[in-house]
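Take a slow look at the model before reading on. We will begin with a single chain and then see how the copies meet.

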Protein chains: 4
Amino acid sequence: MTVSDAGTAPVAVGLIGAGLIGAFHGETLARRVPGARLAGVADPAPGAAERLAASLGAPLATTDPAELLADPAVEAVVIAAPARFHADLADADRATAAAGVAGVPLQVGFNRRFDQSFRAAHDLVAAGRLGTPQLLRSLTRDPGIPDPGRVPPSTIFLETLIHDFDTLRYLNPGAEPVEVYAVADALAYPDFKDQGLQDTAVVLVRFDNGAIATAEASFNAVYGYDIRGEVFGSAGMVTAGDIRRTTMTFHGAEGVASDTWRRNIDLFHDAYTAELAYFADCVRGGVTPEPGGRDARAALAVALAAIRSAQTGGPVAPDA
Amino acid sequence: MTVSDAGTAPVAVGLIGAGLIGAFHGETLARRVPGARLAGVADPAPGAAERLAASLGAPLATTDPAELLADPAVEAVVIAAPARFHADLADADRATAAAGVAGVPLQVGFNRRFDQSFRAAHDLVAAGRLGTPQLLRSLTRDPGIPDPGRVPPSTIFLETLIHDFDTLRYLNPGAEPVEVYAVADALAYPDFKDQGLQDTAVVLVRFDNGAIATAEASFNAVYGYDIRGEVFGSAGMVTAGDIRRTTMTFHGAEGVASDTWRRNIDLFHDAYTAELAYFADCVRGGVTPEPGGRDARAALAVALAAIRSAQTGGPVAPDA
Amino acid sequence: MTVSDAGTAPVAVGLIGAGLIGAFHGETLARRVPGARLAGVADPAPGAAERLAASLGAPLATTDPAELLADPAVEAVVIAAPARFHADLADADRATAAAGVAGVPLQVGFNRRFDQSFRAAHDLVAAGRLGTPQLLRSLTRDPGIPDPGRVPPSTIFLETLIHDFDTLRYLNPGAEPVEVYAVADALAYPDFKDQGLQDTAVVLVRFDNGAIATAEASFNAVYGYDIRGEVFGSAGMVTAGDIRRTTMTFHGAEGVASDTWRRNIDLFHDAYTAELAYFADCVRGGVTPEPGGRDARAALAVALAAIRSAQTGGPVAPDA
Amino acid sequence: MTVSDAGTAPVAVGLIGAGLIGAFHGETLARRVPGARLAGVADPAPGAAERLAASLGAPLATTDPAELLADPAVEAVVIAAPARFHADLADADRATAAAGVAGVPLQVGFNRRFDQSFRAAHDLVAAGRLGTPQLLRSLTRDPGIPDPGRVPPSTIFLETLIHDFDTLRYLNPGAEPVEVYAVADALAYPDFKDQGLQDTAVVLVRFDNGAIATAEASFNAVYGYDIRGEVFGSAGMVTAGDIRRTTMTFHGAEGVASDTWRRNIDLFHDAYTAELAYFADCVRGGVTPEPGGRDARAALAVALAAIRSAQTGGPVAPDA
């Protein structure tokens with residue numbers, strides 16, 4: 001690669017994780033982001049990396065992520081690992097610090113920041129159109145989970161609500177969470193409550209600018225994949241998110257029918273593409289991407305405080 | 001009055017309180033409820049009762065509510081007193097008991113129960129269409145308050161949120177609140193925080209059927225009078241409430257414009273009429289109206305628990 | 001009646017026509033318009049006037065409208081006759097002229113002008129917010145007709161679309177129709193086409209300010225009673241009307257459900273009340289009400305031109 | 001290319017026309033359709049093809065479309081020429097016939113068929129959910145035109161409304177237009193009326209299944225790019241299209257603000273991609289794509305009939 005090519009040659013991106021979302025990210029990198037190409041796939045599950053790499057024309061497939069990381073042809077890596085492998089706060093700090101020392105651009109996959117509706121809401125708040133944010137709401141409702149008995153405890157906080165916690169920070173720019181109160185229960189799948197399942201949760205988060213926020217999650221939305229946000233401020237309110245997938249609306253004798261969202265990779269299809277295109281641009285341009293390690297740490301701190309609050313029954317201050 | 005007239009003669013209703021909402025209720029009784037007539041008005045403010053009674057053609061005006069109550073021509077009374085005169089739990093119990101002993105039909109003015117949108121939502125839940133309620137939300141946002149320095153502490157809980165607490169019970173029929181956690185602040189009018197003003201509050205309420213509910217209030221909605229409800233259950237979601245006053249929508253180069261609600265007596269105009277018409281029917285028919293003393297007590301218990309929670313910083317169980 | 005009572009004594013209104021809409025108007029006059037009282041009912045159908053007058057407490061009932069008109073106690077009359085008795089253009093002119101000569105306030109029941117959404121749209125246009133109107137649309141879709149074999153020819157033009165023609169004039173204030181092109185068919189009830197039924201029609205109306213308008217009607221809306229309007233102008237667009245009856249929206253696994261309007265007396269309940277309250281005020285104040293004979297004539301001229309156009313297959317200029 | 005590669009090798013597509021929409025299609029082919037690659041660009045404007053080809057990495061650039069067509073490496077061609085070069089009916093027939101003889105897959109760029117909302121509406125109608133279509137509406141409102149003095153006569157019919165005519169056929173599957181009545185005027189830019197400009201038009205189209213349709217266009221939508229469709233049938237109604245670009249809605253003291261669509265390449269971004277991806281698949285698979293020459297001819301016949309109708313002032317049957 002010559003210097004004059006620097007602006008146009010696609011970044012060679014390796015993918016760790018070939019599950020549902022990993023496969024989708026791989027397809028995005030291989031096909032929808034001109035600034036990137038899929039350089040390889042790693043997944044410990046036998047055959048998973050091979051199958052995905054073959055279908056997408058990636059030259060490398062391995063069960064060992066270290067092999068991918070060691071490949072000199074790989075310029076960047078996308079990690080699509082389950083939440084149960086997500087780090088705790090100390091790990092997050094170490095990873096962020098290591099990335100900083102190594103000069104590696106680190107981006108965290110809070111994809112709602114790349115959804116044009118949530119971004120437009122954020123931009124309005126950041127521009128001061130709402131005055132001071134005072135009340136916020138972010139919710140995630142998944143249309144069911146396939147195997148409730150195998151969902152690890154705290155999944156609803158670490159895998160689902162962590163996106164809402166980041167969304168609340170994104171929609172309240174410059175402010176930081178100072179107190180967290182959480183309740184959680186197994187309402188959708190009560191048979192699995194004894195195994196520690198938490199499928200429904202509401203978290204109240206206070207910010208240092210006075211704003212009071214609510215995050216809400218459920219694994220039980222029979223009507224679709226429901227992601228919404230709301231900010232109320234001294235000069236107005238902004239909402240984002242809609243369960244309707246298209247603008248088509250049918251009115252019949254029995255009622256109204258619309259297509260609704262069913263999967264994150266549909267609702268956030270364009271957001272995921274924008275996220276990775278921006279990441280590739282940052283890598284190529286040597287720019288530090290957002291959201292980064294600091295944002296991941298902040299959302300994780302809220303999630304861990306929420307877990308403790310749900311256990312202790314009282315409000316908890318997130319670790320600074 | 002002969003027996004044969006019993007079904008059609010309007011009930012003679014006395015009104016206690018000639019303030020903004022009292023005057024509106026008086027007008028409703030005098031003009032919009034065929035089953036009722038306004039028999040008299042009482043208000044301790046000099047001249048207030050006289051002016052209202054004269055404008056509505058009511059035969060009696062007094063500064064002493066007892067005089068109204070003693071008038072044999074008065075068959076029923078509507079009390080439109082400010083929240084600061086609302087009773088505590090023991091008073092509520094005494095009043096309810098006294099009404100029961102006296103055989104007096106007691107109705108409490110939780111007007112959202114008579115709004116056709118909230119009622120339709122309730123009816124769907126009551127009919128089982130949503131399965132088991134799991135998440136609820138009720139919010140009240142007022143478009144500003146005229147004199148923040150004179151708002152008594154706890155007004156947001158006792159005057160505003162008490163309607164949301166009743167709405168949550170109404171939308172979760174058969175279930176009762178078991179735990180309350182509240183945060184409140186003076187975000188809209190911070191200059192009055194030292195005087196105890198609370199203009200913004202979020203309350204988390206857990207019910208005995210597992211449902212987790214959020215009630216939210218603000219005195220700072222520049223965009224209008226915003227009243228909404230939401231129930232999420234195992235079989236679906238229902239929402240009620242809309243900031244738009246009419247279906248008229250203007251699209252111009254600068255954006256979209258709609259008429260929005262600004263006052264409770266506009267948004268709930270029909271609900272207030274339906275409420276008093278139903279009350280008059282109950283009085284005439286000797287039927288016990290709803291919501292009654294038991295509902296008032298339950299909502300008041302949540303409000304008092306919320307006040308304590310906001311003071312202590314921990315969850316509080318409402319008094320049984 | 002003494003002069004000093006003039007401002008407050010309700011107007012004694014007689015009602016001609018005790019059918020569905022007549023009964024509704026009678027109830028409105030008797031119960032919902034403080035400025036009016038129902039002085040009597042006339043209907044040629046044996047017993048109809050008696051039954052309605054008795055239920056509403058009106059002192060007079062007759063099968064002869066002339067008797068009602070001759071009663072000195074009757075100060076004003078509401079005519080709720082079927083469209084088949086509506087006059088032609090010469091009759092309309094004679095009636096309007098006679099009312100003028102007699103000094104009788106004449107109001108025509110184009111109730112959409114009293115609907116707050118349509119009125120808000122009109123007000124925006126009249127205030128110049130849309131610039132010059134260029135495209136308009138008004139539609140009426142009824143949820144079926146009980147007895148298609150007995151619907152007189154041209155009913156869709158004279159009873160249904162005449163409201164749309166007036167709405168188009170109302171939403172294009174100051175402009176007048178200059179050309180009409182209409183197509184009509186029996187699509188909902190094709191078995192009755194041979195009997196002259198027209199259950200579906202579209203009418204294109206050009207105005208003297210250049211605006212091009214579409215009026216549309218059907219007797220076949222299985223999903224509800226659908227009334228909508230739209231104005232597009234050089235500075236924006238405004239829409240009015242919504243099939244949803246309340247703001248309640250249910251999202252279930254099968255789709256979305258809302259309550260929809262089913263009858264004009266529900267959708268226009270408040271509009272009818274406002275219409276008659278304003279009429280009573282005009283009678284009491286000696287003010288000429290709107291819309292009046294000139295508006296009736298203009299809408300009728302469009303309807304008659306549309307009937308001719310549908311017969312001849314070409315555009316027709318409405319009679320001046 | 002070996003046979004085993006047939007399913008995966010991208011189709012080499014040449015592009016004729018490097019204007020606004022041509023550049024967009026070129027970018028789509030080069031970057032967003034994995035099944036295609038941009039093999040070359042032709043545009044008679046000096047330098048236009050070179051610039052676009054260079055920016056997209058296409059190997060061929062020429063001012064002569066014949067050169068592109070003669071290139072053996074080019075397997076398919078996308079024509080993005082202005083409407084004034086669109087053919088008349090005889091030319092359309094000749095082109096379709098020639099394509100048939102040559103075995104060339106011919107697709108016509110009626111992009112709304114690839115918009116997921118319009119497609120969902122079509123699918124409902126095709127599945128019989130609406131019963132028999134009876135009333136249809138399709139509208140196109142452009143947010144202004146840059147140079148009204150240079151717009152050729154009939155542009156609004158041949159470039160804009162032709163999409164609505166196809167949409168009406170798409171939403172009324174199996175039925176064909178039998179009569180057309182059109183009115184058109186220069187309302188947005190009256191100064192250019194003498195030069196033959198038509199910036200506002202309404203067209204009434206009757207179909208052989210009885211359905212009555214309205215197509216409507218304006219070049220004057222200050223509020224955005226407004227594309228909507230509506231089908232009303234014996235069993236329900238379906239609508240598609242919304243002026244709002246995102247789900248973000250701001251409520252402030254002055255009203256409501258939303259992002260609105262401003263350009264076809266934004267609103268139909270995904271539709272254009274789906275259209276070309278499907279075209280590439282058809283070319284690779286030897287499948288005849290839709291919509292094809294027959295659809296182009298049918299929409300063109302309506303447009304030509306509308307032009308005649310607007311000139312003659314009477315209804316016109318489209319040429320069979």
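## One chain, then its neighbours

In chain A, take the contacts with a separation of 6 or more: residues 24 or more positions apart account for 69% of them. Keep in mind that this is a predicted model. Chain A holds 9 helices and 12 strands. Its C-alpha trace spans about 55 × 45 × 45 Å along the principal axes.

How does the radius of gyration of chain A agree with that of a compact globule? With 320 residues, such a globule would have a radius of gyration near 20 Å, and chain A has 20 Å, so the two agree. Of the 320 residues in chain A, 53% are buried.

Now find a sheet in chain A.

Strand S1 (residues 11–16) of chain A runs parallel to strand S2 (residues 36–42) of chain A, and 6 bridges join them. Within this pair, Leu15(A) stands opposite Val41(A) in S2(A). Strands of a sheet pair through backbone hydrogen bonds, either parallel or antiparallel.

Turn to chain D. Here too is an open sheet of 4 strands, in the order S3-S2-S1-S4, with parallel pairing. S3 (60–62) and S4 (76–79) of chain D are at the edges with a single partner strand each, so one side of each has no neighbour in the sheet. On average, neighbouring strands of this sheet are turned by 30 degrees against each other, direction ignored. S1 (residues 11–16) and S2 (residues 36–42) of chain D pair in the parallel sense over 6 bridges. One place to look is Val11(D), which stands opposite Ala36(D) in S2(D). Helix H1 (residues 20–32) of chain D packs on the sheet, touching S1, S2 and S4 of chain D. Its direction makes about 150 degrees with that of S2(D). Helix H8 (residues 269–285) of chain D lies across S1, S2 and S4 of chain D, and runs at about 125 degrees to S1(D).

Now bring the chains together. Two copies of a chain are related by a rotation about an axis and a shift along it.

At the contact, 27 residues of chain A meet 27 residues of chain B. S5 (133–141), S6 (177–185), S7 (200–207), S8 (212–218) and S10 (236–240) of chain A each supply at least two residues of the side that touches chain B. That side of chain A has 14 nonpolar, 10 polar and 3 charged residues. Of the interface residues of chain A, 100% are also interface residues in chain B, so the copies meet through the same surface.

Chain D makes another contact with chain A. A rotation of 180 degrees, with 0.0 Å of shift along its axis, superposes chain A on chain D (RMSD 0.0 Å). This time Arg32(A) is the residue of chain A that comes closest to the rotation axis, at 2.9 Å (C-alpha).

The contact takes 26 residues from chain A and 26 residues from chain D. Helix H1 (20–32), helix H5 (116–126), S10 and strand S11 (244–252) of chain A each supply at least two residues of the side touching chain D. S11(A) gives the largest share, 7 residues. By class, this side of chain A divides into 11 nonpolar, 10 polar and 5 charged residues.

Strands pair across this contact. S11(A) and strand S10 (residues 236–240) of chain D run antiparallel, joined by 4 bridges. In S10(D), Gly236(D) is the bridge partner of Gly252(A). Here again, 100% of the interface residues of chain A are also interface residues in chain D, so the copies meet through the same surface.

How values were computed. Residues numbered from 1 in each chain as written. Chains lettered and ligands numbered in written order. Predicted model: local features only at pLDDT ≥ 70, side-chain atom pairs only at ≥ 80, totals over all residues. Contact = placed C-beta atoms within 7 Å. Nonpolar A, V, L, I, M, F, W, Y, C, P; charged D, E, K, R; others polar. Pairing = 2+ DSSP bridges. Axes fitted to C-alpha atoms, helices over the stretch in contact; angles between N-to-C directions. Least-squares fit on C-alpha atoms with pLDDT ≥ 70 in both. Rg over C-alpha atoms; globule rule 2.2 N^0.38 Å. Buried ≥ 20, exposed ≤ 12 C-beta atoms within 10 Å, placed from the backbone.
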